[in-house]
Amino acid sequence: MARPQDLPRGFFPFGNPFKNLSSKNSVLPSKLLSLLNNFETNLASSVRNLVPKEKSQILTVSWMKLAMESLCETHNSIKTLITDLELPVSDWEDKWVDVYLDISVKLLDLCNAFSSELTRLNQGHLLLQFALHNLEANSPQNLSKAQSSLDSWKKHIGSKNPRIENCRAIMSSLVQTLNLPKVKNSAKGKVLMRAMYGVKVKTLYISGVFAAAFSGSSQNLMYLTVSNELPWAQPFMEMQNTMNAEIKNIFLSEGLTVLKELEAVDSGVQKLYPAIQQGSVDPISLQPLKDSVTALSDGLDLVSKEVDCFFKILLSGRDTLLENLRSMGASTILATSPRKAAGKKF
């Protein structure tokens, strides 16, 4: 199994994407500087809140729910920033539009992959519920059915999801987008590109954690190097170093899964196996498994809701941009040929 440190440790093959803003010759108007500072301060705070206080919080569905919720807030913030910049789509350079659309469609693909895996994991809940029902009956025939259900659950959880297997290729292509297009003579454009850089770094790293957790492979884990000049660099590197170090240790274990809540269910199943095979299960001994099954199901549901929220935010952003582009096209045509525009649909 590949280790996180085996991955490329730097992602600036084409140069520093924010050097134009950090150079001494680059002076932003006070209003734009304030907007950028506020955005990056909030980004730093949101990342800091994702730094696990305890190692036991790493690779848990509760952290994944918090991380996806944080991504939703950050992507909503970039939409607000675009509005505050008063930078209409008509002022966007074509390359900015291309980059935005390309990134968003890749993130939608990742969302679909994560949703499919969450659905697959939740499907195992039915097998667990059936097993618990038969374990409570505690008859030889029912215990045999329970063991069969538990074996099926382990096989189901241990199987591979092709969509998750494709995540690494998607993320590798997203890494290349960290090299932002050059911005010429546009202070607002420079602010937008730098803010988008922070959003992409945060999104890419969290997506890597999700893909690693779902695939059971550390090859999906990202290690992204960012400049210390950025206000959010210190909390980001703290989060990344803390997470990666512990995830590396988790992957060295030989458990059924790396997700803590799933591992808790598997541990409860393993403890009951001897009693099942002996033909009698103490009802009291079932409670830990019941609790872990409930915690897993509830947690997966919460993560699913946040992934769905993130998907809708991405889709809404794309729809808004495309609608604005269509409106621009209609305005251009109306200005040049009203009759032609009257017969054109957008």
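Residues are called buried under 20% relative accessible area, exposed over 50% and partly exposed in between, with a 1.4 Å probe and protein chains only. The model is predicted, so that local features need pLDDT of at least 70 and side-chain atom pairs count only at pLDDT 80 or more, while totals for chains, interfaces and linings use all residues. Residues are numbered from 1 along each chain as its sequence is written, and side-chain values use heavy atoms, with hydrogens and water left out.

View 1. Helices (H or I, at least four residues) and strands (E, at least two) are DSSP runs numbered from the N terminus. Helix α5 has 19 residues and reaches 27 Å from its first C-alpha to its last, close to the 27 Å expected at 1.5 Å a residue, where the expected span is 1.5 Å times one less than the number of residues. Leu 143, Ala 146, Ser 149, Leu 150, Trp 153 and Ile 157 are the buried residues shown in α5. They cover an arc of only 120° around the axis, which puts them on the same side of α5; the arc is that of the directions from the helix axis to the C-beta atoms. On the face turned away from this buried side, α5 carries the exposed residues Pro 140, Gln 141 and Lys 155. The cover over the buried residues of α5 includes α4 and α10.

View 2. A salt bridge is a side-chain nitrogen of Lys or Arg within 4 Å of a carboxyl oxygen of Asp or Glu, and the closest N and O atoms of Lys 154 and Asp 266 are 3.8 Å apart. Lys 154 counts as partly exposed at 24% relative accessibility, whereas Asp 266, at 6%, counts as buried.

**View 3. A salt bridge between Glu 136 and Lys 290.** Here the closest N and O atoms are 2.5 Å apart. Glu 136 lies in helix α4 and Lys 290 in helix α11 (residues 287-336), so the pair ties together parts that are 154 residues apart in sequence. Glu 136 is partly exposed at 46% relative accessibility, and Lys 290 is partly exposed with a relative accessible area of 25%. The structure holds 8 salt bridges.

Methods. Contact = heavy atoms within 4.5 Å.
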